[in-house]
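Visitor: I would like to learn how to read the features of a model such as this one, beginning with the terms themselves. Could you take me through them one at a time?

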Amino acid sequence: MSSTDIQRIELLIRISNQISRYFSIFIFFGGTVGNIFNIIILSDRSIRKLPSVFLFLIASIASLIAIHLGLITRMLSGWASDPTYSIGWLCKLRTFLVFVSRAVVFWLFVLATIDRLLLSSSENRQRRLSTMKNAQRGALFVIIMSIIIYAQLFYCYEANLTNAPFQCYAKSSSCQLLTDMTFASFTTIVPLLLMLIFGLMIISNIRQSHRRLCQTSIETMTHRLSPSQQRSKKIERHLLFMVFTQVLVLAVLTLPQAIQRLYAAFIGPYNSRLQATKDMFVYNIVLLLTYLASAMPFYIYTLTGGNLFRKPLLNLMQRIYRLILCRRF
């Protein structure tokens, strides 16, 4: 290996370590604050009975778990040793919980898209399927399915590895291939494809609904809709916008890692240490992007949720402000 290659490797490692350390801190604190606010706001009694809101709430809890388990050790790199690198059961458990929580987030958004699809239907029978009970059943099924799919990590991952990118890593190439393929397909690509398909079906339902409305005069429709019905329609629009925006952000921030892991799985062993270092550099960047996706929902909902989300947020901020004043005086 030439001296130039050695210098490039050292430079890439330094840059990767600095990005992992400081960008992780930004994502960690922004994601923690955002997801905690999400959990509090989505638990508000004025909106918590909506099936989509319930799914958003569970997704926020799963995102918080993924951020904490996935980023704490990255933030501490360079300042403290990572216990998951040396303790076998801790390595397995952390990896399992991170993968499961991230899969749960994706599939919960699939369920939220299905809920929006049901409510956009012109058939009463389909709209009646959008219930809190079905949302709870779907969430439970997603959690159990994710646990079963990723149970193989307890066998595949080991600590104290020397010939691997990380000391806590898959113990064989077959295990790594299985993990990469599972993550790329089950956690990322398949859910995103389903969200895309259901999203297109929602758009089709909305267009059909608009065509039906065009056949009726605006004055007649305004007269028919009561204030509560108008408020319900407004809530549905906000929830639909929240779902679509969240799906778009998930696709932009998570597809790069799925593509990178598929690429790494099929190119086989690296021909040089420099190529392996480049791949790990790219992997660190796209991995942080997936954690950024877990940190974004609160800020997405604040921008796209209208009064449905902002009103409970404002009430929460007012309660916090009053509490601070009471403690001060």
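Guide: We begin with burial: a residue is called buried under 20% relative accessible area, exposed over 50%, and partly exposed in between, using a 1.4 Å probe and protein chains only. By that scale C175 counts as buried, because its relative accessibility is 5%. Please keep in mind that this is a predicted model, in which local features need pLDDT of at least 70 and side-chain atom pairs count only at pLDDT 80 or more, while totals for chains, interfaces and linings use all residues. Residues are numbered from 1 along each chain as its sequence is written, and side-chain values use heavy atoms, with hydrogens and water left out.

Visitor: What is the handedness of the disulfide between C156 and C175?

Guide: The disulfide that joins C156 to C175 has an S to S distance of 2.5 Å, and it is left-handed because the torsion about the S-S bond is about -70°. This pair, too, links distant parts of the chain, with C156 in helix α6 (residues 153-156) and C175 in helix α7, 19 residues apart. C156 counts as buried, at 3% relative accessibility.

Visitor: What should I look for when charged side chains pair, and how many salt bridges does the structure hold?

Guide: Side chains of opposite charge can pair when their charged atoms come close. A salt bridge is a side-chain nitrogen of Lys or Arg within 4 Å of a carboxyl oxygen of Asp or Glu, and the structure holds four. One of them joins K92 to E158, with the closest N and O atoms 3.4 Å apart; this pair links distant parts of the chain, K92 being in helix α3 (residues 88-120) and E158 in strand β1 (residues 157-158), 66 residues apart. K92 is buried, at 15% relative accessible area, whereas E158 is partly exposed, at 27%.

Visitor: Which residue meets R261 in a salt bridge?

Guide: The side chain of R261 meets that of D180, at 3.2 Å from N to O. R261 lies in helix α9 (residues 227-267) and D180 in helix α7 (residues 173-214), 81 residues apart, and both residues are buried.

Visitor: Which residues form the nonpolar patch on the surface?

Guide: Patches are made of residues with over 30% relative accessible area and no salt bridge, like charges being joined within 9 Å and nonpolar side chains (Val, Leu, Ile, Met, Phe, Trp, Tyr) within 5 Å. Accessible areas come from the Shrake-Rupley method with a 1.4 Å probe, and for residues only the protein chains shown count as cover. Here I61, I65, I87, W89, L93, L97 and F154 form the nonpolar patch, with about 600 Å² of accessible area together. Its largest share, three residues, comes from α3. I87 lies in the loop between α2 and α3 and is partly exposed, at 32% relative accessible area.

Key
Helices (H or I, at least four residues) and strands (E, at least two) are DSSP runs, numbered from the N terminus. A disulfide is a pair of cysteine sulfur atoms within 2.5 Å.
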